[in-house]
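Here are a few quick notes to go with the model. Have it open while you read.

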Amino acid sequence: MAEPEPTIEEALRRLEEIAEKLDDPDLDLDAAVRLYEEGLVLYERCAKRLDAAELRITQLADALQKQNRSA
C-alpha cells in the first residue's frame, strides 16, 4: 500500500531539512543526489497543490462575482 502524501506543511518542513543537509560540506555525493531528487519530488507536489488551490480560489471568486451580479 502506498504511503499517504504529506501535507503541504510537512512537505515544506522536509524541504527545509533537505536544504540544511545539502549545505553540509561533509555530505557525500550519493546522499546529496538522493536528497536533491527527494527535494524535487516534494517541490513538484507542493507546486501542484498550490496551483490547484489557486485555481479553486479563482473559481470561487468568479462564482461569487456572478452571484452578486445576479442579485
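**Notes on the helix pair**

1. The crossing of helix 1 and helix 2 is left-handed, meaning the near helix is turned anticlockwise from the far one by less than a right angle. Helices here are DSSP runs (H or I, at least four residues), numbered from the N terminus.

2. This is a predicted model, with local features needing pLDDT of at least 70 and side-chain atom pairs pLDDT 80 or more, while totals for chains, interfaces and linings use all residues. Residues are numbered from 1 along each chain as its sequence is written, and side-chain values use heavy atoms, without hydrogens and water.

3. Contact means heavy atoms within 4.5 Å. On helix 1 the contact residues include I8, L15 and L22, and on helix 2 they include A32, Y43 and L50. Leaving aside neighbours within four places in sequence, I18 touches L35, E38, G39 and L42.

4. The largest nonpolar core has 5 residues: A11, I18, L35, L42 and C46. Such a core is a set of buried (under 20% relative accessible area) Ala, Val, Leu, Ile, Met, Phe, Trp, Tyr and Cys residues joined through side-chain atoms within 4.5 Å. Helix 2 gives the largest share, 3 residues.

Terms used:
Helix = DSSP H or I, 4+ residues; strand = E, 2+ residues; numbered from the N terminus. Buried < 20%, exposed > 50% of the residue type's maximum accessible area, 1.4 Å probe, protein only.
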